[in-house]
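Please keep the sequence and the 3D view open as you read.

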Amino acid sequence: METITLLMGGFEQALTPTNIALAVFGSILGTIIGALPGLGPSNGVAILIPLAFAFGLEPTAALILMTSVYYGAMYGGRISSILLNMPGDEPALMTTLDGYPMAKQGKAGEALALSGLASFFGAFLATIGLVIAGPLLAEVAFLFGPAENFALYAMAFATLGGLASRNQGKAIFAAGLGLSLAMIGLDGPTGSTRYTGGHLHLMEGVDFLVAIVGLFAITEVLMFIEHQGKESAIGIKVGRITAPIKTVWHCTGTMIRGTAIGFIAGVLPGAGASLGSFLAYSVEKRISNKENTFGKGDPRGVAAPEAGNNAAAGGALIPMLTLGIPGSGTTAVMLALLMTMNITPGPLLFAEKPDLVWGLIAALFIANIVLLILNIPMVGIFVRLLMVPSRILMPLVAMVAFAGIYSISGSLFDIGLMVAFGVLGYILRKLGIPAVPIILGILLGNQMEKHLRRALTISDGELAILWSSPISISLWAIAITGLIAPLLLRRYLRPRNQKS
Amino acid sequence: MLLNLSRQMVIGGVVGIAAIATASTASAQFRPSATECIAPAGVGGGWDFTCRSVGKALSDLDLVPGQVAVTNLSGGGGGVAFASVVSGRGDDNDLLVAASTATVTRLAQGLYADATADQVRWVGSLGADFGIIGVAVDSEIQSLSELMDMVIADPSSVAFAGGSAAGGFDHLKILQVAVAAGMDDVTQVKYVAFDGGGEAVTQLVGGFVQAFSGDISEATGFIRSGDMRVIAVLSEVRLPGEFDNIATAREQGLDVVSPNWRGFYTPVGASQASFDYWSEALKTIAASSEWQEVMTNNGLMPFAKSGADFQSFIDQQLVDIETLSRDIGIID
Amino acid sequence: MSDRVFGAVFLVLALAFIAGASQFDVPRFVDPMGPKGFPRMAGAAVALSSLYMLLRPDPNPSWPDRRRLFEIAFVVLVFIGYVYAMKPIGFVAATAITASFISWRLGSRPAIAPVTGIIIGFSIYAVFHLALGLSLAKGPWGF
């Protein structure tokens, strides 16, 4: 088979001692960058680009370094999610929901090991998907016009219902708040300024990393001050540092579903890893949450989003390579790197530059295998973080969060905003209003609006365009089921809880 | 976000590498050290391409020591970068900012708030990217006049996709064509703004819009792969090389020429020596064989201007675009 | 009660947000929906759900007592002070002071807390600036 030959050629190019050393170096660095709040995969890759030049790396070696940092950061993001309830970056957001409760139950090591395995599973299968169907899958992008994309986003928000809060009203509030915050800044299609109050800082809108770090890390510090660290995972016995075979077996179906959903979300340009992990989690919860264990430390709630976000990271490479459309911040930076090496991605890249593409794919496999191996000892090391007393650990992570945001944006305004989000997050948490929908709103709001407006421009304002294709109709059907089903279930199955 | 990422590239950049520039010409007084190029938009767009390709050429030709750090400072169609250069980097000798006809368009339309073109110095251009109008390869439309007949008969039947905002450069092209075709109310033309040429072409190929208005460099991949048919190029004469089978709009009786030059401006307070240095450096690049190859790969045409020549070209273009925008009704 | 207060505050904010949309400058060439439509929809979602919280509040959460609340407010003030201090005294000094304070509030002995803070300040500087090459605010001493 031709594919196999090409892939072998890729490995031949990639498997040199230098390249493997680079992969190990990149994986460790990426994991650390991913775990630090405020620095995510896109920053990780951006930080490393100058380094690749400084070393004078040739294209394959540079790509190996970048992909191992990319995936390292995807793996690393979950560490602070699980141990500290602070997602290091946006794809790791959903992992907090069950990962942190597991840590509080003394199962931090288990959660880390399982999520590492799920990450590998998702990334590895997605890379195989890329090998088998890369250029073919690029065609999926041609099926999603503005209306279909809008329906996809609407579905994402509709499945939010009851995701992180028992009170639907509060979940809607949080999503609405996120979407509203996303409106701040310059309106792309017309150039009107919206809600900036004349601040140049706000022209670019509210950076979602600032919101994430504020709503999670700073809020967590304030909760600590309130409880003096009594209700946290810190100081708890860490228990085993592997996942029991039974748990892994129990999660196999979850990982397969998470991978499939994440991969598809990744392939769609503009959806990206965060939507992948989010949908993987919410679908898994709908399917598997029979005993109401999700959100309370269910291992499947850790496996699903981690398989999902890593699969999405792999899938996102497809539109980047074949259409030149960067689906996420990280792929945008990778695109920049390719262009600097005089490689212009596009529909003919697979045909014109096979050695590069297959070298990249080989690099993806290598990075993931290296990460899997590294993660076995790493889990043991990271879990020890919880043994550090909170009076040292908490000021450290708070300050790292500040340094992370400041070093990236160089703006005092941003870190001030981060403190404001921290205070808001504290109040929201007290009132039981979930923070996750806010982040999603900020993350997806602008794209969602643009898709809607484009669809309505094409149809001259006719709303019917929004449900005029089989794809959009199916997406709306899922959205409506997702929105109504929990309400009906609650009404008919548990009438006593209606008022709570 | 992209803005954020790239500050790092700047910081981490170049420092360690020690190749001293062998400045061939111009000033002995100015030597570039840590040169930065600001791309006023996200990664993957035209400005980003300008910074990266020219940055690489500067470094390959030893016109700068080490690498040129590229910063993506997106927002406001280049307005954020323009404002921050004017207010914060006004005397930086080691700064180039990517610019194009789109920059001049927005300045002419007064879309950079109070900013004016004389707040920066226009150092030079290296090539031009000509506008094209394209349709999907399975479209029935074969020529620009056919397309414009459809638009005039029923404006809502044709949606144009482009990578610039409403009133921006891609939109303006199609409005110019509509004016030339004798359309009375050009506000009727349906234009859908996407986040860049790549996304717009994808939507065209997917069949969600009927036509594409953009630059040829944004679409070369899709033209070569046979997904897109270009029905007109907005240049004075046909493009050389592989694109010489594309008819100009002028040939089809619609006299619209839309060169999107690619070049740079520098801060107004930068030293004259540095200005001369960069203007010479750009000339050197434009003449190099490396640059010829970049242009061929990306569908760019020669368009090298620098110094006073470039300045007077910019002045004229500002006037032209302002007049046009006023006539069409984009500005009052 | 907490929900009611919160709902009332955000109802007002959301209505202001919706009203604010009328202030946008809209150019002549504009899509059918324009820049105002979506903010109004998002604002309406916030307004309606705030109204819901105002009318059907959950039971009150357990707020910390006055002393703790004061302490949390003070930490927030320290953070704000940190933001303002960063440029004048530099990242490391500002971070060391803030970290010492938090460490003290979380139970470090007053003699140990500053040591913790200074170590934290310098280690973050080492990792972010020296190892990763990121820029942090420079103080009068160059760090």
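## Where chain A meets chain C

The contact between these two chains takes 53 residues from chain A and 58 residues from chain C, where two residues are in contact if their C-beta atoms, placed from the backbone, lie within 7 Å. On the chain A side, at least two residues each come from α9 (168-182), α10 (208-227), α19 (390-409), α20 (412-431) and α21 (436-458) of chain A. Helices here are DSSP runs of H or I with at least four residues, strands are runs of E with at least two, and both are numbered from the N terminus. The largest share, twelve residues, is supplied by α19(A).

Sorted by class, this side of chain A has 29 nonpolar, 16 polar and eight charged residues. Ala, Val, Leu, Ile, Met, Phe, Trp, Tyr, Cys and Pro count as nonpolar, Asp, Glu, Lys and Arg as charged, and the others, Gly among them, as polar.

## About the model

This is a predicted model, in which local features need pLDDT of at least 70 and side-chain atom pairs count only at pLDDT 80 or more, while totals for chains, interfaces and linings use all residues. Residues are numbered from 1 along each chain as its sequence is written, and chains are lettered from A and ligands numbered from 1 in the order in which they are written.

## A helix pair in chain A

At what angle do α10(A) and α20(A) pack? The angle is about 60°, with the axes 7 Å apart; axes are lines fitted to C-alpha atoms, for helices over the stretch in contact, and angles run from 0 to 180 degrees between N-to-C directions. The two helices are therefore oblique to each other, the term for angles that are not under 35 degrees (roughly parallel), over 145 (roughly antiparallel) or 65 to 115 (roughly perpendicular).

Among the residues making this contact are V210(A), L215(A) and M223(A) of α10(A), and D414(A), F421(A) and R429(A) of α20(A). By class, the contact has 13 nonpolar, four polar and two charged residues.

Chain B and chain C touch through nine residues from chain B and eight residues from chain C. Helix α1 (residues 2-12) of chain B gives the most to the chain B side, with three residues. That side divides into three nonpolar, six polar and no charged residues.

Within chain B, an automatic or database domain assignment gives domain 1 (2-129 + 262-327) and domain 2 (130-252). Their contact takes 16 residues from domain 1 and 17 residues from domain 2.
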